[in-house]
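Here is a friendly walk through one chain, written for someone who likes to know the cut-offs behind each term. Please keep the viewer open while you read.

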Amino acid sequence: MARRTSSKTSTRGKVVLMSRSVFCSIGGISERELASWEGEDLIAPVRVEHVRGRIESLYDQDALRRVRVIRTLAEELDVNIPGIGVILHLLDQMER
């Protein structure tokens, strides 16, 4: 259910991508929570391949907004993971 975008978010003409650890710190979540949400297809990273063939997960501002929505639904509204998935799917449809 995660929204997978090929374009990177631009803030004032600059592309903003964050490493996994920075993303978790700014989003106020643990890397374990992030891994769980990725496993449930609630959120998806933008992937960038490096020269040495190594792939690093990077996240953009859209993913950060999505984490904030997930946290609000889970922590403030007590919505469970399947319910969060349904709500995110509906929000994605409304954006289109």
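## Strand β5 and S57

S57 sits in strand β5, which spans residues 55-59; helices (H or I, at least four residues) and strands (E, at least two) are DSSP runs, numbered from the N terminus. S57 has a relative accessible area of 15%, so it is buried. Here buried means under 20% relative accessible area, exposed means over 50%, and partly exposed lies in between (1.4 Å probe, protein chains only). Once neighbours within four places in sequence are set aside, S57 is in contact (heavy atoms within 4.5 Å) with M18, S19, R20, P45, V46 and R47.

A word on the ground rules: this is a predicted model, in which local features need pLDDT of at least 70 and side-chain atom pairs count only at pLDDT 80 or more, while totals for chains, interfaces and linings use all residues. Residues are numbered from 1 along each chain as its sequence is written, and side-chain values use heavy atoms, with hydrogens and water left out.

## The chain as a whole

Four helices and five strands make up the list of elements in the chain. Read from the N terminus, their order is β-β-β-α-α-β-β-α-α. Of the 96 residues in the chain, 31% are buried.

Among contacts in the chain with a separation of 6 or more, 59% are between residues 24 or more positions apart.

Which residues of α2 are buried? They are L34, W37 and E38. Viewed down the axis of α2, these buried residues fall within an arc of 100°, so they line one face of the helix; the arc is that of the directions from the helix axis to the C-beta atoms. R32 and G39 are exposed on the other side of α2.

What do the buried residues of α2 pack against? Their partners are α1, β5, α3 and α4 (81-95). After α2 comes D41, which has a positive phi, near 60°.

## I29, between two helices

I29 belongs to the loop between α1 (20-27) and α2 (31-39). Its relative accessible area is 8%, and I29 is therefore buried. Leaving out neighbours within four places in sequence, the contacts of I29 are C24, L34, W37, V67 and R71.

One of these contacts, R71, is worth a look along the sequence. I29 and R71 are 42 residues apart in sequence, yet their C-alpha atoms are 8.5 Å apart in space.

## Salt bridges

Side chains of opposite charge can pair when their charged atoms come close. The count is six salt bridges, each defined as a side-chain nitrogen of Lys or Arg within 4 Å of a carboxyl oxygen of Asp or Glu. One of them joins the side chains of E31 and R20, at 3.7 Å from N to O. That pair links distant parts of the chain, with E31 in helix α2 and R20 in helix α1, 11 residues apart. E31 is partly exposed because its relative accessible area is 41%.

D62 and R65 meet in a salt bridge with an N to O distance of 2.3 Å, and both lie in α3, three residues apart, about one turn of the helix. D62 has 21% relative accessibility and so counts as partly exposed, and R65, at 44%, is partly exposed too. R71 forms a salt bridge with E75, where the closest N and O atoms are 3.3 Å apart. R71 and E75 are four residues apart in α3, so about one helical turn separates them. Salt bridges that share partners also join R20, E31 and E38 into one network.

## A nonpolar patch

V69 lies in helix α3 (residues 61-76) and counts as partly exposed because its relative accessibility is 31%. V69, L91 and M94 form a nonpolar patch on the surface, and together they have about 270 Å² of accessible area. Patches are made of residues with over 30% relative accessible area and no salt bridge; like charges are joined within 9 Å, and nonpolar side chains (Val, Leu, Ile, Met, Phe, Trp, Tyr) within 5 Å.

Definitions and conventions
Areas by Shrake-Rupley, 256 points an atom, 1.4 Å probe, with all protein chains shown as cover.
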